[in-house]
Amino acid sequence: MDKEKLDILKRNFELRNMEVKCFEILEDVKSEILNIISLDSSIGIGHSATLQRMNITEELLGRGNIIFDMELAKDKEECKILKRKALLTDWYITGSNAISVDGRIINIDHSGNRVAAINYGPDKVIIVVGINKIVDTWQKGIERVKNKACPLNAKRAGFNPPCVALNKCVDCTSEERVCNSLSIIEGQAVKGRIKIFIVNDNVGF
Ligand code: SF4
């Protein structure tokens, strides 16, 4: 992504009380996260292919942080408990389906736990995204999440709404619908609560 566009993106997020920091590789993002989060902090993890590639849960657990990550659940009931506990942590770390140059964060969610945590609950939120998640406007962001992220996420999670076969959204009412919550974050009341870490790589979907 060209520097001029990235500067515009940063400025637009700053105007909306959100911080943006850029990194070359995921390892650098991981080091930054381990650096800014204290050892006694509790952390909720939002389900994300990007975070899985970073192995961040294992790193944080290994050094003694309290982690609530639904991926660690043994069964559905534990998964539900972990998702709830992740809503009241010191930090929440997750990916995103799209961020826009005009300064918005766009996400879809199946059960809504991830968008709930990003919107309100954890004191601070870190969102890790690859440059492949950047779109020009929030409208393009919705297009991206519905037609690109949704089919891939549905497939990964073992659901089969129509977009999996069609590779585009048909606004289904399928029982397997995965995009039950659509969230557009346009700003923050608390300056710096949300930090967006952009990595110069194509990660997640
Ligand atoms: S509404 Fe249905 S078809 Fe459209 S993205 Fe969501 S799950 Fe896929």
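Where is the place of Asn153? I found Asn153 in helix 7, residues 138-157. I took helices (H or I, at least four residues) and strands (E, at least two) as DSSP runs, numbered from the N terminus.

**Ground rules.** I am working on a predicted model, where local features need pLDDT of at least 70, side-chain atom pairs count only at pLDDT 80 or more, and totals for chains, interfaces and linings use all residues. Residues are numbered from 1 along each chain as its sequence is written, and side-chain values use heavy atoms, with hydrogens and water left out.

**Asn153.** I checked burial next. Asn153 has a relative accessible area of 17%, so it is buried. My cut-offs are under 20% relative accessible area for buried, over 50% for exposed, and partly exposed in between (1.4 Å probe, protein chains only). Its side chain joins that of Arg156 in a polar contact of 3.1 Å. A polar contact is a pair of N or O atoms within 3.5 Å; within protein, one must be able to donate a hydrogen and the other to accept it, and residues adjacent in sequence count only if both atoms are side-chain atoms. Leaving out residues up to four places away in sequence, Asn153 touches Asn97 and Phe205. Contact here means heavy atoms within 4.5 Å.

**Whole chain.** I stepped back to the overall fold. The protein chain has eight helices and 10 strands. Buried residues make up 46% of the 205. Of the contacts between residues at least 6 apart in sequence, 75% join residues at least 24 apart.

**Record.** I looked at UniProt. An unreviewed entry there lists "domain: LUD" for residues 8-199. Its positions are in the numbering used here, feature names are shortened, and annotations may be inferred rather than shown by experiment. Over residues 8-199 I get 39% helix and 23% strand, with the end C-alpha atoms 17 Å apart.

**Cores.** Which residues touch the most other members of the largest nonpolar core? I noted Leu9, Phe13, Ile99, Ile105, Ile194, Ile196 and Ile198, in a core of 22 residues. Helix 1 (3-15), helix 6 (113-119), strand 7 (124-130) and strand 10 (194-199) each supply at least two residues of this core. A second, separate core has 19 residues, including Ile33, Ile37, Trp91 and Ile126. I count as a nonpolar core a set of buried Ala, Val, Leu, Ile, Met, Phe, Trp, Tyr and Cys residues joined through side-chain atoms within 4.5 Å.

**Ile198 and Phe23.** Beyond four places in sequence, Ile198 touches residues including Leu6, Leu9, Phe23 and Ile99. I followed Phe23, in strand 1 (residues 19-23). Phe23 counts as buried because its relative accessibility is 11%.

**Gln188.** I found Gln188 in the loop between strand 9 (181-185) and strand 10. Gln188 is buried, at 13% relative accessible area. Its side chain makes a 3.0 Å polar contact with the side chain of Arg193.

**Cysteines.** How many disulfides are there? I counted zero, taking a disulfide as a pair of cysteine sulfur atoms within 2.5 Å. Cys179 is buried at 8% relative accessibility, whereas Cys169 is partly exposed at 27%.
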